[in-house]
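Hi,

Here is the structure I said I would pass on. Have a look at it first, and then read my notes below.

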Amino acid sequence: MNTRFCLFVASLLLLGWSFSSCKSDSKSSCCAEGCPAEKEDVVLKDYGPEPTVLDIDAYTMANENFRTSLWTGTLLQVTVMSIPVGGEVGLELHTDVDQFLRIEDGYANVLMGDSETSLTFNKPAEKDYAIIVPAGKWHNIINTGDRPLKLYSIYAPVQHPHSTVHKTFEEAEEAEHHH
């Protein structure tokens, strides 16, 4: 993969890829130029590869599926996830994919390591935390809270087929065996 592109993506992530809405007391440039009077309805679908601007928090919170692809391009993919109480993303390894995840709501335990039997990285995470998984690391995220864990994930390059929707963990596992 192009090193310049990877650095660009990493810069976006470190600077905080966040989408915000205007508040009546805000003096942001968005409000100075005029924000939409009403928020758009959330329609969970894959908008890629078209140019897209959306409220990532609203889309992440509205998603009730285990995984829904929100945008799939040639070199990047965004998915939103809802992990049930006591559930998990599932232990996995992406050999050639870097992954960024951000928790929008809930509590989690993040595990990573060099093998599936040696997950030596073990950290708690919660709302507004970012999780960065380097290619080649085994990893899992376990919901430790009392409500669904809501997060979004950015893969570079793309990890799932365009318009992927997995309603459950089991459905996602079955699809991975065929992918």
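Start with Glu 104, which is buried, because its relative accessible area is 6% and the cut-off for buried is under 20%. Before going further, bear in mind that this is a predicted model. Glu 104 belongs to strand β4, which covers residues 98-105. What does its side chain make a polar contact with? The partner is the side chain of Arg 102, at 2.2 Å. Leaving aside residues up to four places away in sequence, Glu 104 touches Asp 57, Thr 60, Met 61, Lys 127, Lys 150, Leu 151 and Tyr 152.

One of those, Leu 151, leads on to the sheet. In β9, Leu 151 is the bridge partner of Met 81. Strands β2 and β9 (residues 149-156) run antiparallel and are joined by seven bridges.

On its other pairing, β2 goes with β1 (residues 67-72), again in the antiparallel sense, over five bridges. A hairpin of four residues makes the link from β1 to β2, and Thr 72 has Gln 77 in β2 as its bridge partner.

How many residues of β2 are buried? For this strand, residues 77-83, the count is seven of seven. Both of its faces are covered: one side has Gln 77, Thr 79, Met 81 and Ile 83, the other has Val 78, Val 80 and Ser 82, and all are buried.

Now the whole sheet. Six strands make up an open sheet with antiparallel pairing, and the order is β7-β4-β9-β2-β1-β10. Its edge strands are β7 (130-133) and β10 (165-166), each of which pairs on one side only. If you trace that order, β4, the strand of Glu 104, sits between β7 and β9, while β2 sits between β9 and β1.

Is Pro 51 buried or exposed? Pro 51 counts as exposed, because its relative accessibility is 79% and the cut-off for exposed is over 50%. You will find Pro 51 in the loop between α2 (29-33) and α3 (56-62). Pro 51 and Gly 73 are 22 residues apart along the chain, and their C-alpha atoms are separated by 9.8 Å.

That's it from me; over to you.

Cheers

Technical notes:
Residues numbered from 1 in each chain as written. Predicted model: local features only at pLDDT ≥ 70, side-chain atom pairs only at ≥ 80, totals over all residues. Heavy atoms only, no water. Helix = DSSP H or I, 4+ residues; strand = E, 2+ residues; numbered from the N terminus. Buried < 20%, exposed > 50% of the residue type's maximum accessible area, 1.4 Å probe, protein only. Polar contact = N/O pair within 3.5 Å; in protein donor to acceptor, adjacent residues only side chain to side chain. Contact = heavy atoms within 4.5 Å. Pairing = 2+ DSSP bridges.
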